[in-house]
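User: Could you walk me through how to read some features of a protein model? I'm new to this, so please start slowly.

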Amino acid sequence: MTLRHPGDGELPRWREGLRAYGLIAAMWIRSSMAYRASFVITVVGNLLVTGLDFVTILLMFSQVHSLGGWSLPEVAFLYGLSATAFGISDLVLGSMDVLGARIRDGSFDTLLVRPAPVLAQIGADRFALRRLGRITQGGLVLGYALLHIDVNWTVGKLLLVPMMLICGAAIFGALFVVGAAFQILAQDAAEVQNAFTYGGNTLLSYPPAVFGKDFVRGVTFMLPLAFVNWVPASYVLGRPYPLDLPAGAAFASPLVALAFCALAGLAWRAGLKSYRSTGS
Amino acid sequence: MTEQAFIELDRVEKVFDVRKKTGFMKRERRQVRAVDSISFGVARGEMVGYIGPNGAGKSTTIKMLTGILTPSGGRLRVAGIDPSRERTRLAHRIGVVFGQRTTLWWDLPLIDSYKLMHRMYRIPDARYAENLDRCVELLELGALLDVPVRQLSLGQRMRGDIAAALLHDPEVLYLDEPTIGLDVISKAKVREFLRELNAERGTTVLLTTHDLQDIEQLCSRVMVIDHGRLMYDGPLTGLHEAGESERTLVVDLERELPPIEVPDARVVKVEGPRQWLAFPASESAAPLVARIAAEYPMVDLSVREPDIEAVIAKMYAEQAEKAAS
């Protein structure tokens, strides 16, 4: 007779991960909703603080008429796309920067004895809806930009807008995961990770033309951040691509995002494996 | 029918690469054998103490048994599962309590952690309710359920952690220093609970500890590990014999006197009117106390149990002697 044990009929790993993510996130949402007024205040606070980035851009435009040849609505378009996409990935995976601290204090071990993928557990840890503030302000700026940019809309260009948000969130998300894998190896690297994620978001709020060519090359080919908004947005606005990329490049974001996510997955596995063979 | 051991280790090794900075950009690599070819088996329902000094390899062994660490060599099975390869499947069948850190969600009320375990482990509702009630009653958690974990005292948190590890009816419970830092009453509660758990549910228990009393009161079998090697595996009484350990009688006399002279005991230390006498751990203290009380002006006394470090140190000295002869 074979006894059935819980855990024998497990779902595929990714579904098990999504399930665990949902359970943990729901727990944190319930707990933050216990103090509704405080929740509203933190959302509004988050909205205002993250909105300061756009205020910086507005201040610049009070002195100049264009940035690298881009008008205010065009820069707002870049900003709105990047901020919203980053906001989504920050909402979903923004807690990953505590990973190094959890390894140092040993509480990372407790994640490994639970029957759920570690990535889902660490991603959902302290899930904070206040991060909706960033998405909201990004969305508002994007809305303003869409009303004011001068574009001959085609079906392709219309489709590119939601695609940029989805692929952008995926690319930023992959960056969070790569950063987390790196934190396992170098345990106090949270700031390095933040430089790439939060720094990447700030970078993408400005037109590529204001940066040096080698820098843009790095952001396009090493970290594929240029595919979050620069390349597709250039297409939408009828501007030349940065770096003279081929014509179809604007539509390559899904492929780039997919490849980067796969790479991030491998990096994460390698990181976890190195932890489990060396300990802390 | 011969049942295989429930926990099985066959020449298990764990080697860590330690890198040490020896100068600018220069690093020296050194290998540390945290666990060095350990073999043992634990039958279902056994309650085993796993002891040894700091850095002996206790926690490393536990981490390999839970799937946190991957062994560098040897074969390891828990309930027929290779922990490092099927970590999440094994997780449904084991419970783990780390004395020094919590598996609970720090900022949330205790009950929230339990509710999450309920869903995450897919514990049937009736079973969950029954197990929770039982733990709440026996571990006296009733008043603590709505308190955020970070506000609990160490003893309360430990009880909360033990409950969390048992909600999903694990077949084996690993406890890494479950009584470290607890006061006497909390220790007693925890021990009492574990004894009942093992007797009633037949849960296999493997615990590491520094406290020899944990072992005395709970375990019929004890394993001693040091420098990654298994030094002893057998009943606790045998450990005393193997270490030929001694207990200590601390006697307070009315005044300063020359060292007490009694058969079967020797004075190891004198400090004013207080004297320390060592006597074999296998002997009863009663006749010794009676004799001293009859011959000396005794004010107070206490008996100290041998600690693990002392026992192991003795075992070592004896091994070294054997090797030399």
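Analyst: Let's begin with A:Tyr235, which is partly exposed at a relative accessible area of 29%. The labels run from under 20% for buried to over 50% for exposed, with partly exposed in between (1.4 Å probe, protein chains only). A:Phe251 is also partly exposed, at 39%. This is a predicted model, where local features need pLDDT of at least 70 and side-chain atom pairs pLDDT 80 or more, while totals for chains, interfaces and linings use all residues. Residues count from 1 along each chain as written, chains are lettered from A and ligands numbered from 1 in written order, and side-chain values use heavy atoms, without hydrogens and water.

User: How many aromatic pairs are there over all chains?

Analyst: There are eight. Rings of Phe, Tyr and Trp (its six-membered ring) pair if their centres lie within 6.5 Å; under 30 degrees between planes is stacked, over 60 edge-to-face, the rest tilted. A:Phe86 and A:Phe176 are stacked because their ring centres are 6.0 Å apart and their planes at 20°. This pair links distant parts of chain A: A:Phe86 is in helix 3 (residues 72–93) and A:Phe176 in helix 8 (residues 155–185), 90 residues apart. A:Phe86 is buried, with 0% relative accessibility, and A:Phe176 is buried at 1%.

User: How are the rings of A:Tyr235 and A:Phe251 placed?

Analyst: Those two are edge-to-face, with centres 5.2 Å apart and 75° between the planes. Rings can also gather in a group: A:Phe86, A:Phe172, A:Phe176 and A:Tyr198 form one aromatic cluster.

User: Which residue lies over the face of A:Trp70?

Analyst: A:Arg239 does, at 4.7 Å from the ring centre. To count, NZ of Lys or CZ of Arg must be within 6 Å of the ring centre and within 35 degrees of the ring normal. In chain B, B:Lys269 lies over the face of B:Trp276, at 4.4 Å from the ring centre.

User: How many residues does each chain bring to the contact?

Analyst: Chain B brings 32 residues and chain A brings 34, where contact means heavy atoms within 4.5 Å.

User: How many salt bridges are counted between chain B and chain A?

Analyst: Four. Each needs a side-chain nitrogen of Lys or Arg within 4 Å of a carboxyl oxygen of Asp or Glu. B:Arg122 forms one with A:Glu16, and their closest N and O atoms are 3.3 Å apart.

Methods: Helices (H or I, at least four residues) and strands (E, at least two) are DSSP runs, numbered from the N terminus.
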